[in-house]
Amino acid sequence: MMTSELLAAYHAAHYRVQHPRGAFTLKTDSPSTELAALLQESGHSCAAFITACNPHSWPQSEADNARAQQQLAGELEQNGYTTIPAIGLDPAGEWQGEESFLVPGLDLENAKFLGEQYAQNAILWADAETAVPQLVVLAS
């Protein structure tokens with residue numbers, strides 16, 4: 001269940017992208033020049049930040065999260081997407097970071113589908129025109 005505290009935590013999180021040419025951090029509702037440049041260079045019109053870790057924000061074991069992430073990576077690769085390693089971080093340090101992916105070209109509908117498939121409460125999504133990551137709530 002999505003609580004106001006959980007929603008606030010998602011908005012406060014730092015979404016760190018481990019791009020080979022230089023890491024950068026995405027924040028909800030804040031334009032990202034790095035994301036805009038990455039999308040322009042790659043020719044993609046959008047990107048999603050997604051994880052398979054900790055379904056419905058219930059902590060799982062490291063092994064379970066690693067298996068889920070590996071499954072998500074395989075599904076994305078099978079569908080022709082390139083993934084960039086990433087991690088969702090709590091700036092207050094109250095919860096452990098979640099391994100994630102930035103997926104250039106993953107449109108909103110497919111990102112929502114995958115987020116729901118992996119029992120996530122929300123995903124982050126941005127289009128190339130604004131490069132402003134938006135929190136897309138999947139759970140009510």
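Begin with the seven strands, which make up an open, antiparallel sheet in the order 2-1-4-5-3-6-7. Strands (E, at least two residues) and helices (H or I, at least four residues) are DSSP runs numbered from the N terminus, and two strands pair if DSSP finds at least two bridges between them. The model is predicted: local features need pLDDT of at least 70 and side-chain atom pairs pLDDT 80 or more, whereas totals for chains, interfaces and linings use all residues. Residues are numbered from 1 along each chain as its sequence is written, and side-chain values use heavy atoms, without hydrogens and water.

Select strand 2 (24-26) and strand 7 (134-137) next: each has a single partner strand, so one side of each is left without a neighbour in the sheet.

Now select strand 6 (residues 122-127), which is joined to the antiparallel strand 7 by four bridges. Here Trp125 stands opposite Gln134 of strand 7.

Turn to helix 2 (residues 33-42), which packs on the sheet and touches strands including strand 3 (46-50) and strand 5 (98-104). Contact means heavy atoms within 4.5 Å. Then select helix 4 (residues 108-117), which lies across strand 3, strand 6 and strand 7.

Finally, select Ser100 in strand 5. Is Ser100 buried or exposed? Its relative accessibility is 4%, so Ser100 counts as buried (buried means under 20% relative accessible area, exposed over 50%, partly exposed in between, with a 1.4 Å probe and protein chains only). The Ser100 side chain reaches the backbone oxygen of Glu98 at 2.9 Å. Beyond four places in sequence, the contacts of Ser100 include Phe49, Gln69 and Ile87.

Methods: Axes are lines fitted to C-alpha atoms, for helices over the stretch in contact, and angles run from 0 to 180 degrees between N-to-C directions. A polar contact is a pair of N or O atoms within 3.5 Å; within protein, one must be able to donate a hydrogen and the other to accept it, and residues adjacent in sequence count only if both atoms are side-chain atoms.
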